[in-house]
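This report describes one protein chain, from its overall make-up to single side-chain pairs. The sequence and the model come first.

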Amino acid sequence: MPPTAAFGNTALQQSPSCHNGPQFFRFFLCGTPVSNALNLLVEGLKLLPGVGQKSATRMAFHLLQHDRAGAQQLAQALQDACSEVQHCQRCYTFTEDAICSTCLDSERDASLLCVVETPADQSAVERTGAYKGLYFVLMGKLSPLDGIGPKDIGLKNLFDRACDG
């Protein structure tokens, strides 16, 4: 018997005939196969940090059953962000322009450079309002055990940025 999981009052059952690889699962609701589009939505939601199968399924059903307008808004926002947001050419944070507004801000102290791991870290520092210098976003961290070295996180770009003032 294939594994099952509860979703509200509905049982979800993993299909014994689905062998599309470890990432894809076919689920059944009351013996009826759920659409491929719904499975892809669930798998897409599982890409978010901390979201597993159960939470992704709950979110997918909620969006489709109770908030189709919200689902469309989310889909459009994701598409827009993926096509418009890029890395700043100077500090590598996220921006819609070639150079972000922080790097262009003449009020910033160019003698200070705060090095952060991710754009989320930069945003957190900015929310404090205490730092008035510039940033460099590494877009990762060194992890020799995972094969992530200095070239993988742009340390050369950091040294170039620090030397360019």
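Buried here means under 20% relative accessible area and exposed over 50%, with partly exposed in between (1.4 Å probe, protein chains only). The model is predicted, with local features needing pLDDT of at least 70 and side-chain atom pairs counting only at pLDDT 80 or more, while totals for chains, interfaces and linings use all residues. Residues are numbered from 1 along each chain as its sequence is written, and side-chain values use heavy atoms, with hydrogens and water left out.

**Overall make-up**

The chain holds six helices and eight strands. Helices (H or I, at least four residues) and strands (E, at least two) are DSSP runs numbered from the N terminus. Along the sequence their order is β-β-β-β-α-α-α-β-β-α-β-α-β-α. The chain has 165 residues, and 29% of them count as buried. A contact is defined as heavy atoms within 4.5 Å. Of the contacts between residues at least 6 apart in sequence, 25% join residues at least 24 apart. Accessible areas come from the Shrake-Rupley method with a 1.4 Å probe; for residues, only the protein chains shown count as cover.

**Nonpolar core**

A nonpolar core is a set of buried Ala, Val, Leu, Ile, Met, Phe, Trp, Tyr and Cys residues joined through side-chain atoms within 4.5 Å. The largest one consists of seven residues, namely Leu-38, Val-42, Leu-45, Val-51, Ala-56, Ala-60 and Phe-61. At least two of its residues come from each of helix H1 (36-45) and helix H2 (53-66).

Ala-60 is in helix H2 and counts as buried because its relative accessibility is 0%. Leaving aside residues up to four places away in sequence, Ala-60 touches Leu-38, Leu-41, Val-42 and Leu-45. Between Ala-60 and Val-42 the C-alpha to C-alpha distance is 6.0 Å, although they are 18 residues apart in sequence.

**Salt bridges**

A salt bridge is a side-chain nitrogen of Lys or Arg within 4 Å of a carboxyl oxygen of Asp or Glu. The structure holds four salt bridges, including those in the table.

| Pair | N to O distance |
|---|---|
| Glu-43 and Lys-46 | 3.5 Å |
| Asp-105 and Arg-108 | 3.8 Å |
| Arg-108 and Glu-126 | 2.5 Å |

In the pair of Glu-43 and Lys-46, Glu-43 is buried at 10% relative accessible area, whereas Lys-46 is partly exposed at 25%.

Arg-108 forms a salt bridge with Glu-126. Arg-108 lies in the loop between helix H4 (101-104) and strand E7 (109-116), and Glu-126 in helix H5 (residues 119-128), so this pair ties together parts that are 18 residues apart in sequence. Shared partners join Asp-105, Arg-108 and Glu-126 into one network of salt bridges. Within it, Arg-108 is buried, with a relative accessible area of 14%. Asp-105 is partly exposed at 32%, and Glu-126 is partly exposed at 28%.

**Aromatic pairs**

Rings of Phe, Tyr and Trp (its six-membered ring) pair if their centres lie within 6.5 Å; planes under 30 degrees apart count as stacked, over 60 as edge-to-face and the rest as tilted. Two such pairs are present. Tyr-92 and Phe-136 are edge-to-face, 5.3 Å centre to centre, with 70 degrees between the planes. This pair links distant parts of the chain, 44 residues apart: Tyr-92 is in the loop between strand E5 (86-87) and strand E6 (94-95), and Phe-136 is in strand E8. Tyr-92 is partly exposed, with a relative accessible area of 26%, while Phe-136 is buried at 1%.

Tyr-131 and Tyr-135 also pair edge-to-face, at 5.1 Å centre to centre and 65 degrees between the planes. Both of these tyrosines, Tyr-131 and Tyr-135, are buried.

**Surface patch**

Patches are made of residues with over 30% relative accessible area and no salt bridge; like charges are joined within 9 Å, and nonpolar side chains (Val, Leu, Ile, Met, Phe, Trp, Tyr) within 5 Å. Val-85, Phe-94 and Met-139 form a nonpolar patch on the surface, and their accessible area together is about 260 Å². Met-139 is in the loop between strand E8 (133-137) and helix H6 (155-164), and it counts as partly exposed at 37% relative accessibility.
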